[in-house]
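Me: I am new to this structure and would like to understand the words used to describe it. Could we go through them one by one, setting values against definitions?

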Amino acid sequence: MTEHEHPNQPPYGYTDDKAAYLRRLGRIEGQIRGISRMVDDDKYCIDILTQISAVRSALQSVSVGLLEEHIGHCVVDAAKASDEAGNDKVTEASAAIARLVKS
């Protein structure tokens, strides 16, 4: 068992929605392959950029969902365990948010 797991709970907040996340990531993977084909086939620049924008949006959606799961599960559980653990998880989540906002 890792430091993030709890004996009577799924290891992470997204676990219950894992199949949905994997489906969404699979679609994104397909979009990336499509963009590669577009470049290989010398498609119009704007059409490629439009597809890149769609992929970025899809990844952002996955990121927001995972962040919500993290806050609702990992941060809340840590805060229940101790103030220090809760503060550590809030700091961790804040850093993740900062990385997402920068990208």
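Predicted model: local features only at pLDDT ≥ 70, side-chain atom pairs only at ≥ 80, totals over all residues.

Reply: The place of H70 is in helix α2.

Me: Why is H70 called buried?

Reply: The relative accessible area of H70 is 18%, and buried means under 20%, so H70 is counted as buried.

Me: What makes α2 and α3 roughly antiparallel?

Reply: Helix α2 and helix α3, the latter covering residues 83-102, pack at an angle of about 165° with their axes 8 Å apart. Angles over 145 degrees count as roughly antiparallel, and α2 is therefore roughly antiparallel to α3. The crossing of α2 and α3 is left-handed.

Me: Which residues of α2 and α3 make the contact, and how do they divide by class?

Reply: From α2 the contact takes S63, L67, H70, I71, C74, V75, A78 and A79, while α3 brings A85, G86, K89, V90, E92, A93, I97 and L100. Sorted by class, the contact of α2 with α3 has 11 nonpolar, three polar and two charged residues.

Me: How do you know that α1 and α2 are roughly antiparallel to each other?

Reply: The axes of helix α1, residues 18-40, and helix α2, residues 45-81, come within 10 Å and cross at roughly 160°. The cut-off for roughly antiparallel is an angle over 145 degrees, and so α1 and α2 are described as roughly antiparallel to each other. The crossing in which α1 passes α2 is left-handed, and the contact of α1 with α2 has, by class, 15 nonpolar, four polar and three charged residues.

Me: What makes up the largest nonpolar core?

Reply: That core has seven residues in all, namely Y21, I28, I35, M38, I48, V55 and V62. The elements giving two or more residues to this core are α1 and α2, and the largest share, four residues, comes from α1. As general background, nonpolar side chains tend to be buried together in soluble globular proteins. One of the core residues is I28, and I28 is in contact with V55, A58, L59 and V62, leaving aside its neighbours within four places in sequence.

Me: Why is R24 called partly exposed?

Reply: R24, which lies in helix α1, has a relative accessible area of 26%. Partly exposed is the range between under 20% for buried and over 50% for exposed, so R24 is called partly exposed. Not counting residues up to four places away in sequence, R24 touches S61 and V62.

Me: How do you know that D40 and D42 are exposed?

Reply: D40, found in helix α1, has a relative accessible area of 62%, whereas D42, found in the loop between α1 and α2, has a value of 70%. Exposed means over 50%, and therefore D40 is exposed and D42 is exposed as well. As for distances, the C-alpha atoms of D40 and S53, 13 residues apart along the chain, are separated by 18 Å, and those of R24 and D42, 18 residues apart along the chain, are separated by 27 Å.

Definitions and conventions
Residues numbered from 1 in each chain as written. Heavy atoms only, no water. Axes fitted to C-alpha atoms, helices over the stretch in contact; angles between N-to-C directions. Parallel < 35°, antiparallel > 145°, perpendicular 65-115°, else oblique. Left-handed = near helix turned anticlockwise from the far one by under 90°. Nonpolar A, V, L, I, M, F, W, Y, C, P; charged D, E, K, R; others polar. Core = buried A, V, L, I, M, F, W, Y, C linked by side-chain atoms within 4.5 Å. Buried < 20%, exposed > 50% of the residue type's maximum accessible area, 1.4 Å probe, protein only. Contact = heavy atoms within 4.5 Å.
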